[in-house]
Amino acid sequence: MSGKPFYITTPIYYVNDKPHLGHAYTTVAADAKARFHRLRGEAAHFLTGTDEHGQKLERAARAAGMEPLPFCDMNSAKFQELWAKLNIRFDDYIRTTEERHKRGVAELWRRVHAAGDIYLSTYAGWYAVRDEAFYAESELTDAPGGKKLAPSGAEVEWVEEPSYFFRLGKYQGALLEHYARHPEFIQPEARRNEVVRFVEGGLRDLSLSRTSFRWGIPVPGDERHVIYVWFDALGNYATAAGFAPGRGGSGLPPESPWPADQHFIGKDILRFHAVYWPAFLLSAGLPLPRQVFSHGWWTVEGQKMSKSLGNAVDPHWLIEEYGVDAIRYFLLREIPFGLDGDFSHRALIERINSDLANDLGNLLHRTLNMVKRYRGGRLQRASGEEELPEDELRAAAIAGKQTWEREMEKTNFQEGLKAAWHVVSAANKYIDATAPWELAKNRNLERRLDAVLWNAAASLRVAAAMIWPVMPQTAERIGQQLGLAENWLRAPFAELVDLRALPEALETRLGDPLFPRIEEEARAEIERKVAARIAEGEEGPAPGAMPPGLVSIEEFRRLELRAARVVEAERIPRSKNLLKIKVTLGGAPRTVVAGLARHYAPEDLLGRTVILVANLQPTRLMGMESQGMLLAASDGERLLLAGVEGEVAPGARIQ
Ligand code: MSP
């Protein structure tokens, strides 16, 4: 590997909020793109991080009763924690409170200043703290209570203070010329046209500093001002790439990955990335990024993602419920990157059941199951089989690989994944057509049977390589079950997508199904949880009042946890998971429908003291009303009921 790596970035996320599905989306996409390049043997440099300055952050920290920096530390860690769970392999993580960043941004300011593009004046106008953006009067709408709202829906406040300004207007021509010369600079096309029209409409100079709060990088030479948070934030892409004072020339070290090859962002922050950022870079004499790719927004169950709906798609919870790769797959498969989409549990479950369980999981399982039953687990390339691999599979693999590579290159994850599935369905069809179970009945056809199974496995390996960027864990599990060497994914790319490169003999290891189907009952259970999470989200504290992830003591006390005695327990006909349990808190028993059937026999529960969430909204399950929930510890496999140490009267409060 040589030359500049493929440099890809996500936005740096505000740490006043905890990570949500929108953040996860961009980051998973950038991870998949970086992995795509690595799979092809190219160097990739993937940057993500957190945006920690500004008035919004200062206010959120104050509301939480914390100093800004410890507040940022706490919340930035939450992003890193989620990225680890989501299998995000970034190369660098930048926080705008780091020294390297602050020094770099100050240098960027000095260069823009030296270019004559910064002047001192007074800003009198509207500012939306939520967006950290200035708005013109004409952009605002009136809202009840005399409030005014920005087009984004954020409330604006009147600001009047001395401010440094950036001569944005001066760059109108240069920007338009750049867009015209580099049509790929803004993607997708429709967004590019919007930006061009916006810039053609004329650019007002941009306020670049604030004096009314302190939490930011001081303006070099005038410490009463802090640098406008977007100038600070956008600078991260260069400061993380080594842009620093005292280097002369471009300010970048020779090994710097700058310029970025792709900035992935959401459409709401396109103007900052496609207009302001290149203008700052032009002014500072730095090369421009190659592409700004603006993706769409997710709604949740058909509605704008609000706090309570966000709770129903909390990434941590989604990963626990469905597994990390199912989420990564859904996000990139469901909608074309660039368009808006709707996230619903129903659609997710459908994708899991059809694409992941039926198509991919089943291909692996049925193939290895037959290898185990008919050939003792040993895959063998039949010697002398001239037709290996067979034409239809070869054609599918070649076409699939070409489409996949072209589409992934264009950042069209959806089409790339469809191409990988093309290989999977060809292999499933091939098995149906060759019917190995028939071949296995006839000893004379043993070599043919070996050939068929080997061919199916060869397709699986190619498909696994192609899905690795999006579903790394699944690809690795397929490799393990096929019995491939641990480092199989490090083979040259041409081999990874070549059917013939499957080793001649393999000891396979049939494992659990990759993606168990989600049946009706589990689906109902999920729906119940979604409803509970939405309700919980609606009642939670106002945003900003509580550090993400924490609950107040008052909130905790609203939960009524009580010791309860089990007086009856029985299986529910047609349900593998659920038990109908009657518990008493001292008085008349109540019914709880609990997902314990795989872990406890009904008779084991009788007489036990368990912990009941006694004020949970009742819900209907399998035609019965469930009036509470039992607490249990889960390590993913086992489920162990929580109890009370020693004897206690039923109804005792747990606190
Ligand atoms: N800190 C700025 C970015 C600075 S980059 C130099 C910021 N942070 S953010 O945390 O508010 O948003 C980060 C990203 O999340 C944005 O790209 C935004 O588009 C994305 N999303 C927020 N909600 C989203 C959805 N509902 N759906 C998809 N993406 C969404 O802006």
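1. With which side chain does the side chain of Glu390 make a polar contact at 2.4 Å? The partner is Tyr430, whose side chain meets that of Glu390 at this distance. The model is a predicted one, and the separation should be read as a value computed from predicted coordinates. Glu390 also has a side-chain polar contact with Asn455, at 3.3 Å.

2. The setting of Glu390 is a loop, the one that runs between strand E19 (378–380) and helix H14 (391–409). Is Glu390 buried or exposed? Its relative accessible area is 11%. Because the cut-off for a buried residue is under 20%, Glu390 counts as buried.

3. With a relative accessible area of 10%, Phe515 is buried.

4. Now the ligand. How many residues surround the ligand? There are 23, and the closest are Ile12, Asp51, Gly266, Asp268 and Trp298. Sorted by class, the shell holds 13 nonpolar residues, eight polar ones and two charged ones.

5. Some polar distances around the ligand can be listed. A nitrogen atom of the ligand is 2.9 Å from a polar backbone atom of Trp298. The side chain of Trp297 places an N or O atom 3.2 Å from a ligand oxygen. For Tyr14 the atom is a backbone N or O, lying 3.2 Å from an oxygen atom of the ligand. On its own the ligand would expose 670 Å², and the protein buries 94% of that area.

6. Which elements give two or more residues to the shell around the ligand? They are strand E1 (6–14), helix H1 (21–39), helix H7 (229–234), helix H8 (236–239) and strand E14 (262–266). E1 contributes the most, with four residues.

7. E1 and E14 also stand side by side in the order of an open sheet of six strands, E3-E2-E1-E14-E15-E9, in which the pairing is parallel. Strand E3 (92–95) and strand E9 (186–187) are at the edges with a single partner strand each, so one side of each has no neighbour in the sheet. E14 runs parallel to strand E15 (residues 292–295), and four bridges join the two. Within this pair, His263 is opposite Val292 of E15.

8. A separate entry covers an open sheet of four strands in the order E5-E4-E8-E10, with antiparallel pairing. Here strand E5 (133–135) and strand E10 (206–207) are the edge strands; each has a single partner, so one side of each is without a neighbour in the sheet. Strand E4 (residues 118–128) is joined to E5 by three bridges, and the two run antiparallel. Ala128 faces Ala133 of E5 across this pairing.

9. Strand E24 (residues 609–613) is mostly covered, since four of its five residues are buried. E24 pairs in the antiparallel sense with strand E21 (residues 561–571) over five bridges, and Leu561 stands opposite Val613 in E24. E24 is also joined to strand E27 (residues 629–630), again antiparallel, by two bridges. In that pairing Leu612 is opposite Leu630 of E27.

10. How many of the ten residues of helix H12 (residues 324–333) are buried? The count is ten of ten. Among them are Asp325, Arg328 and Arg333, along with Val324, Ile327 and Phe330.

11. Last, the division into domains. The protein is split into domain 1 (6–295), domain 2 (345–507) and domain 3 (553–641). Between the C-alpha centres of domain 2 and domain 3 the distance is 43 Å.

Methods. Residues numbered from 1 in each chain as written. Predicted model: local features only at pLDDT ≥ 70, side-chain atom pairs only at ≥ 80, totals over all residues. Heavy atoms only, no water. Near = heavy atom within 4 Å. Polar contact = N/O pair within 3.5 Å; in protein donor to acceptor, adjacent residues only side chain to side chain. Areas by Shrake-Rupley, 256 points an atom, 1.4 Å probe, with all protein chains shown as cover. Nonpolar A, V, L, I, M, F, W, Y, C, P; charged D, E, K, R; others polar. Pairing = 2+ DSSP bridges. Domains from an automatic or database assignment. Buried < 20%, exposed > 50% of the residue type's maximum accessible area, 1.4 Å probe, protein only.
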